[in-house]
Amino acid sequence: MCPQEIAIPLKMIFEKAIDTGNYPQLWKEANVQPVHKKNSRQLVENYRPISLLCISGKIFEKLIFDSMYTFLNSNSLISKNQSGFRPGDSAINQLLSITTEIYEAFESYDEVRAVFLDISKAFDKVWHRGLIHKLKKSGINEKLIVLLENYLTNRIQRVVLNGQASEWEKINSGVPQGSVLGPLLFLIYINDLTDGISSNMKLFADDSSLFSRVQNTSATHDQLVSDLNKITDWAFQWKMKFNPDITKQAIEVIFSSKYKKESHPPLNFNEIPVARKSSTKHLGVILDERLSFREHVKEAIEKAKKGLALMRFLAKYVSSSVLEKTYFMYVRPHFDYGDVIYHDQNKDMMNLLESLQYQAGLIITNCWKGTNKLKLYKELGWESLSQRRTSRRLTLYYKIVNDYTPPFLKSHIKPFEGNMTNRFRNSFFPFCASKWENINADMKNSVSVADFKSKYKKEYAPLKRGYFSINDKYGIRLLTKLRVGLSDLREHRFRHNFKNCRRSANVK
């Protein structure tokens, strides 16, 4: 609201803080608001604490973040196996790399043993002295170290709820919740976790996982045991806790395409057995042992049905445009998450997803069941979900080819020749490589991701039909019914076998 007026005063405060190494105390005070997550509202553990900090301090943090991240990234000081809180990277990128490696193992009839670990209250457990030590080792200059040390100390917080506030409490460990710098400081703290690990280890903030392709059962087991012991030692040294008790066991999934899996010895972690399961949710996607994604899609369908129920309720009161926005906000995101990974791996589940989008189209237009799907989508300007998944895959492939994503994804691009199973052929990289050949050169040479999306949509997506400035929601719905060929007209009703509807003698 007043950038010109506050820019100079803020600049003076920021420079003073850097020169003196003192981070303003008022910017260290956090108001914590509890937000309900799930289950009983009477249990405090079912609430997520959201920490609110002074906006002026967050602007200052952003300036420090940009400088630090540029330095760390340009000098390759952040592990390439870390995808959390990194611009240009994402959970989907990491999941795509993981599933690609598993599919490649399947092609050689190999199994993959995977162990999924979780750090207990990771962000709250960061040891400040250990963090400062690691900042120094990373080459951060002494002046900034002094400021960051002051930034971490003497922080206080209180709970604010319904206008009432608790007493202030001191924070003795952890990176500041709700801050801009906190996630980067956490990445620096756990950056050396992968050092000396022989298995393929992936990190996404505090979510960590180990993957080992089984070519020799005994050797793979010994490797995983050694790696889990190294992680235990690291956690003890740096005062962190992985899967602290039997109620929060580490989970193992043995990915295999074989009807009869190999026998693998059990694993222990922190003197607790690693729970062996047929599937687990990792970074928001349920990975089952055959990578069929059946459980993941089922969960997406159950969530989407709740959004459809909301749309049915609202249909009596709001316009078609509001219903369409409701679909985009509360239904389709459940289909979209992970779709570039699971696309066409299970035809029956894909058809179920498509039927839900069709139902949403009927609710929005008020058309009858039995309306031609292609005509309905043409009216709405929608792609089928299969076409949408294809376009989203190719958009991501464009980003990978043109270095908009981390290098680890580009390493998966290679010639795909010879016999492939349908499972591997439908996976991301072989699928996109075959489709990419048929895309015109102008689209491939798009100058940006937005340019590619625009050209692809113009080429393949239907154009939404207009309504001639009609504002009457009932009029729009009647017009739509006429245009899709299933309205109250006798001829339309007769062609769709409505009861008590005979063809008129003069209708031909």
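Q: Which side chains does Asp110 or Arg213 meet in a salt bridge?
A: A salt bridge is a side-chain nitrogen of Lys or Arg within 4 Å of a carboxyl oxygen of Asp or Glu. In this predicted model, where local features need pLDDT of at least 70, side-chain atom pairs count only at pLDDT 80 or more, and totals for chains, interfaces and linings use all residues, Asp110 and Arg213 meet each other at 3.0 Å, N to O. Asp110 lies in the loop between helix H3 (91-107) and strand E3 (111-118) and Arg213 in strand E8 (residues 207-214), so the pair ties together parts that are 103 residues apart in sequence. Residues are numbered from 1 along each chain as its sequence is written, and side-chain values use heavy atoms, with hydrogens and water left out.

Q: How are helices and strands assigned?
A: They are DSSP runs, numbered from the N terminus: helices (H or I) have at least four residues and strands (E) at least two.

Q: Is Asp110 buried or exposed?
A: Buried means under 20% relative accessible area, exposed over 50%, and partly exposed in between (1.4 Å probe, protein chains only). Asp110 counts as buried at 12% relative accessibility, whereas Arg213 counts as partly exposed at 34%.

Q: Which residue forms a salt bridge with Glu379?
A: The partner is Arg465, with the closest N and O atoms 2.8 Å apart. Glu379 is in helix H13 (residues 373-380) and Arg465 in the loop between helix H19 (449-460) and helix H20 (473-483), 86 residues apart.

Q: How many salt bridges does a search of the whole structure find?
A: The search finds 23.
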